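Biologist: Please show me the model. I would like to go through it by question and answer.

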Amino acid sequence: VNHRHARALLGDYLEGELELTERARVDAHLGQCVECAQELRELRGTVALLRGLPDPEVPPYLAQRVAAHIAAAAPSARWRESLRRWFAPAGATALTAGLAGLGVLWVQSGDPAVRIAAELAPTLTGATVARAPSAAFFRRAADEPEARPAPPQREFQRLHELDRQLDLLIANPGAYLNRMGAVSDQTLVQLAERAAWRGDADDLALQLRSIGEHPLAPSLSARFLMADLVQRVEARGR
Amino acid sequence: MSYEMVEPRSAARLESAARPIRHQADPDGELVARWQAGDGSAFEALVGRHQLRVFRLLLRMLGSREEAEDAAQDAFLSLHRHGHRFRRESRFSTFVYRVAANAALNRRRTLGRGRSRVEELKTRQQIGADLPSSPRNPEDAAGGAELQAHVQRALCELPADLRAAVVLYDIEGQSYRDIARILDVPEGTVKSRIHRARSALRKSLRPLVSGEPGGEKP
């Protein structure tokens, strides 16, 4: 091998990746070429320096901080409160008025979610709201242990499961709805909150809207939309 | 409270179908299966298991403990968020490295301070400000904070893609094949990046590694 070729092979030589004959040729060249021998020495030294770097000490609270962030990722209590405020006084008319108001507010923005919100208002007040949680449900929910923070592990499990459900839903809304059994309102609220927190709620509402022939689709769509709107209102407040 | 809305048999499926191929090969398989079945403590155990790898990679990629710590936290949160998409086509540790490498590369992009720092380093190097007073035997590399800092600075001068490849190979001890998966590039690209990175490092570390022939390993 000539000098140029041998130099190009030094990396593989160092890693022991050359076939025997080629290796022998490079060896022969190294015996004659001071420059290549020096380069190989320097490469070895470089690798030794890299591999000699000691393991750093892991920051002592890294794992705890990660766990704390995961626990804190749950939608805030304040957030939940506003969701309740939206639903709780909701005689059907108040809800319609609210939605229509929001629609007027945002319809100029060209945001499709908002336009659909306006369209959806009648659906909500008709068939869906009948099944939507009542004020009594929310009073009950407020008194229930939900208000107490869940232990971090269970909270993690809960969010993980919600994420998994949302991913399944996003992947194939039609199939998801078909397999979806009886779901409590509380679970739906949690799904919607989580979706809004992830920023997926408006897309989901649109997707579900597009498969509207399924009996559950409009109600679920409305739920996601509501969560998304609540979050926008919250964001404006900040 | 139960969330078995869909796929009530998922846990059973994890046990039976996904297991045979990868499970034995992957030391994390058991924990990953538990986590994916909804066991939160399994994720905590996985964090404990992988935090050194993740932090070491990020420290060598980013060059500062503070940044590495933030990025490690981002990486684990991202892992938590996307981990259920892990399909066991590779070892879990490869998946973790992938998430961590992305956290480092994203961070670099966001911070956008690579260039000015490189310029500063070049200047310092030209005036020899960083060099130890006399070249040392590379075998002593583990000693000397000064020496380590010098190697770290040389790493930080590399373009991020070369740095990622060489750190994964020489420091993390990953195979070409796994690095190809981690960085999502062909194996040939991985090899060439490693060689280019070493060659650049050789130049910037020359004062430290051009010792007498006696100092080298066979």
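Modeller: What follows is a short exchange on the chains, their contact and their salt bridges.

Modeller: This is a predicted model, in which local features need pLDDT of at least 70, side-chain atom pairs count only at pLDDT 80 or more, and totals for chains, interfaces and linings use all residues. Residues are numbered from 1 along each chain as its sequence is written, chains are lettered from A and ligands numbered from 1 in the order in which they are written, and side-chain values use heavy atoms, with hydrogens and water left out.

Biologist: How many helices and strands are there in chain B?

Modeller: Elements are DSSP runs, numbered from the N terminus: helices are H or I, at least four residues, and strands are E, at least two. From the N terminus on, chain B runs α-α-α-α-α-α-α-α-α-α-α-α. The count is twelve helices and zero strands.

Biologist: Is helix α10 of chain B enclosed or open?

Modeller: Buried means under 20% relative accessible area, exposed over 50%, partly exposed in between (1.4 Å probe, protein chains only). The buried residues of α10(B) include B:Tyr176, B:Asp178 and B:Leu183. Six of the eight residues of this helix (residues 176-183) are buried, so α10 of chain B is largely enclosed by the rest of the structure.

Biologist: Which residues have the most contacts inside the largest nonpolar core?

Modeller: Such a core is a set of buried Ala, Val, Leu, Ile, Met, Phe, Trp, Tyr and Cys residues joined through side-chain atoms within 4.5 Å. The largest has 64 residues, and α4(B) gives the most to this core, with eleven residues. The residues with the most contacts inside it are B:Phe92, B:Leu155 and B:Leu183.

Biologist: How many residues does each chain bring to the contact between B and A?

Modeller: Contact means heavy atoms within 4.5 Å. The contact takes 61 residues from chain B and 53 residues from chain A.

Biologist: How many salt bridges are there between chain B and chain A?

Modeller: A salt bridge is a side-chain nitrogen of Lys or Arg within 4 Å of a carboxyl oxygen of Asp or Glu. One of them pairs A:Asp55 with B:Arg56, the closest N and O atoms being 2.9 Å apart. The count between chain B and chain A is ten salt bridges.

Biologist: Which helix supplies the largest share of the side of chain B that touches chain A?

Modeller: Several helices of chain B supply at least two residues each, including α3 (29-36), α5 (65-82) and α11 (187-204). The largest share is eleven residues, and it comes from α4(B).

Biologist: Why does the pair B:Arg202 and A:Glu39 join two chains?

Modeller: Their side chains meet in a salt bridge (3.8 Å, N to O). Both residues are buried. B:Arg202 lies in helix α11 of chain B and A:Glu39 in helix α3 (residues 34-52) of chain A, so the pair joins two chains.
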